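User: I have a model open and would like to go through it with you. Could you begin with the strand pairing?

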Amino acid sequence: MHRIEFSKQLILHAGRKVKVLSTLELRSISKRFGTFVALEDVSLRVEEGEFMVLLGPSGSGKTTILRVIAGLESPTEGSVLIDGKDVTNLSPKERDVAMVFQNYALYPHMSVYDNIALPLRVRRVDRASIDKKVRETAELLQITDILGKKPSEISGGEQQRVAVARAIVRNPKVFLFDEPLSNLDAKLRVTTRGFLKRLQKELHVTTVYVTHDQSEAMTMADRIAVINRGRVLQVSTPTEIYRNPSDVFVAGFIGSPPMNLIEGRIERNGGRSFVFANVRISLKKAIQEGEVIMGIRPEDIVLKDKMEDGAFPGKVYVSEPLGNIQYVTVDVGGIKLVAQADIDFRAEINSTVFVSFKERGIHFFSKETGKSVI
Ligand SMILES: Nc1ncnc2c1ncn2[C@@H]1O[C@H](COP(=O)(O)OP(=O)(O)OP(=O)(O)O)[C@@H](O)[C@H]1O
Ligand SMILES: [Mg+2]
């Protein structure tokens, strides 16, 4: 609670109104480096105070999108709007966005204090105000005791906080974060992501946050934009993206372990069924015949030790216990499926188990386009 009060104070003390809300919009952005297409027709709207996460694999164009928003890169086509105003031709400084880079980009010869103070000095804020603002921000981020140190004398987690402090010290219109947690160890990453999410909600600044870590995206985002090969594949809430992926890439990228994706075909013989390996599953869903990719999450696969209606046999390849549950990899006619089972389920290697799918967990994707066909 103390932290909430403090951050409100922080914004009030800045001498501005508490309301620091902006919208951000990308309209049909393309970016080419020579002949290489880094971004293709990227359109995205981020609402006031929203925490938007750009999620995608390495090289998908996430940093390029942030750099275009910040004005560090100009798009080949398309425009960037902040608060409805076209800023495509404005310099980074004129856009009033703050970016936390992948490598923090702290100045090594400057103290932590001077690193945080820099954006205010550049804007010619008076000395007393700078001092007050730096100390308040440092307290908010719990780095007051390291203000006198150099970046090389502090830990990775502390460097990360200094970089965040430097970004928030001047109440920008938009925060841009480029994988800010990637240099932290696993435990610190989890605590820091909670801290950052909380901080963003308290400061209520429109934010675009880049990561390739789907669990980071799921836990932090108001909405996620999934990026692959320079294109936006789906923009939605984490829950919606998890439940209804619109594309086979999104389906395989979200979730850990990921959705099982099985190539097969839809056949008609009275009713409709999905056929793969030596298995035929009858479906209630109306779907066109032909080649498809079926997707099913581990928690939607049911394992039993006895044959039941609609089930088919498989052989346990391996089981990975995780406290209260286990992930069981089952070989079905050469296809490996990962199922989530109760920890008490007996899943000895090479034993036979009986597999069935929860129908509501079944997804189908076009083999040609990868798009959802339900
Ligand atoms: N200045 C540049 N000149 C040429 N190609 C570039 C340039 N900047 C980026 N690229 C290319 O554009 C693509 C997207 O790069 P980008 O840095 O945006 O990816 P990313 O999604 O941030 O990846 P990572 O997760 O590895 O940081 C990559 O293939 C990259 O090699
Ligand atoms: Mg990057």
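Analyst: In strand E10, Val-235 is the residue opposite Ala-225. This is a predicted model, in which local features need pLDDT of at least 70, side-chain atom pairs count only at pLDDT 80 or more, and totals for chains, interfaces and linings use all residues; side-chain values use heavy atoms, with hydrogens and water left out. Residues are numbered from 1 along each chain as its sequence is written, while chains are lettered from A and ligands numbered from 1 in the order in which they are written.

User: How many bridges join E9 to E10, and in which sense do they run?

Analyst: Strand E9 (residues 223–228) and strand E10 (residues 231–236) run antiparallel and are joined by five bridges. Strands (E, at least two residues) and helices (H or I, at least four) are DSSP runs numbered from the N terminus, and two strands pair if DSSP finds at least two bridges between them.

User: What happens in the hairpin of E9 and E10?

Analyst: Two residues lie between the strands, and Arg-229 takes a positive phi near 50 degrees in that hairpin.

User: Which other strand is joined to E9?

Analyst: Strand E3 (residues 51–55) runs parallel to E9, with four bridges joining them. Leu-55 has Val-226 of E9 as its bridge partner.

User: Is E9 mostly covered or exposed?

Analyst: E9 is mostly covered, as five of its six residues are buried. Buried means under 20% relative accessible area, exposed means over 50%, and partly exposed lies in between, with a 1.4 Å probe and protein chains only.

User: Now E4. What does it pair with?

Analyst: Strand E4 (residues 77–82) pairs with strand E1 (residues 24–33) in the antiparallel sense over five bridges. Within this pairing, Val-80 in E4 is opposite Leu-26. E4 is also joined to strand E5 (residues 85–86) by two bridges, again antiparallel, and Ile-82 has Lys-85 in E5 as its bridge partner. In the hairpin of E4 and E5, Asp-83 takes a positive phi near 55 degrees.

User: Why does Thr-64 count as buried?

Analyst: Thr-64 counts as buried because its relative accessibility is 14%. The residue lies in helix H2 (residues 62–70). Leaving aside residues up to four places away in sequence, Thr-64 touches Lys-31, Phe-33, Ala-38 and Leu-39, where contact means heavy atoms within 4.5 Å.

User: And helix H4: which residues are buried, and what covers them?

Analyst: The buried residues of H4 (residues 112–122) are Val-112, Tyr-113, Asn-115, Ile-116, Ala-117, Pro-119 and Leu-120. Their cover includes helix H5 (127–140) and helix H6 (156–168). Just after H4, Arg-124 takes a positive phi of about 55 degrees.

User: Changing topic, how is the chain divided into domains?

Analyst: The chain is divided into domain 1 (5–246) and domain 2 (257–366), with bounds that come from an automatic or database domain assignment. Taken over C-alpha atoms, the centres of the two domains are separated by 41 Å.

User: What area is buried between domain 1 and domain 2?

Analyst: About 370 Å² is buried between them, and carbon and sulfur atoms give 50% of that area. Buried area is the accessible area (1.4 Å probe) that two parts lose on being put together, summed over both. Tyr-242, Arg-243 and Pro-245 supply 89% of the area that domain 1 buries against domain 2, more than any other three residues.

User: How many residue pairs are in polar contact across that interface?

Analyst: Two residue pairs are in polar contact, both at pLDDT 80 or more. A polar contact is a pair of N or O atoms within 3.5 Å; within protein, one must be able to donate a hydrogen and the other to accept it, and residues adjacent in sequence count only if both atoms are side-chain atoms.
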